[in-house]
Amino acid sequence: MHIADIQAAIWADHILAGPHAANEAGAYMLTLHEIWQALLGPNAEIIEEYPLDPRGPSCLIYCEVNGMPEHVVVAYPCAMTASQKQLSELTFMITCYRPGGPKHAHKWSTDFKKRLP
């Protein structure tokens with residue numbers, strides 16, 4: 001999985017976000033648009049891959065929204081949903097969260113790119 005492929009799908013507007021992602025974004029007072037834009041930014045980087053995810057291949061992406069770290073889990077190429085929408089590929093946002101918040105900070109390195117044991 002490559003960030004450039006995910007970004008190409010976002011640029012092509014081949015995107016969809018699930019209700020959990022929308023709820024989590026709202027909880028941090030963010031819009032889904034802000035998060036999609038952050039995924040296109042220069043700091044966006046895949047930090048974990050989940051090739052055997054039952055929902056389809058997915059990954060955890062580090063990015064920054066308004067200068068704050070953000071983690072976003074996306075499924076890509078999300079083939080079944082893409083096919084239903086007659087698209088070649090689709091980036092599906094599963095969830096997002098602020099890794100620096102009290103719920104998540106203790107689980108990550110100081111740069112929020114490495115999961116702690």
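Entry 1: Exposed means over 50% relative accessible area, buried under 20% and partly exposed in between (1.4 Å probe, protein chains only). This is a predicted model: local features need pLDDT of at least 70, side-chain atom pairs count only at pLDDT 80 or more, and totals for chains, interfaces and linings use all residues. Residues are numbered from 1 along each chain as its sequence is written, and side-chain values use heavy atoms, without hydrogens and water.

Which residues of H2 are buried? I noted Ala 21, Glu 24 and Ala 25, within the helix of residues 19-27. They lie on the same side of H2 because they cover an arc of only 100° around the axis (the arc of directions from the helix axis to the C-beta atoms). Helices (H or I, at least four residues) and strands (E, at least two) are DSSP runs, numbered from the N terminus.

I then checked what the buried residues of H2 pack against: strand E1 (15-17), helix H3 (32-39) and strand E5 (91-97). Contact means heavy atoms within 4.5 Å. Just after H2, I found Met 29 with a positive phi of about 60°.

**Entry 2: the sheet.** I traced five strands in an open sheet, ordered E1-E5-E4-E3-E2, with mixed pairing. Two strands pair if DSSP finds at least two bridges between them. The edge strands are E1 and E2 (45-50), each pairing on one side only.

I followed E4 (residues 68-75) next; E4 and E5 pair in the antiparallel sense over five bridges. Val 73 has Thr 95 in E5 as its bridge partner.
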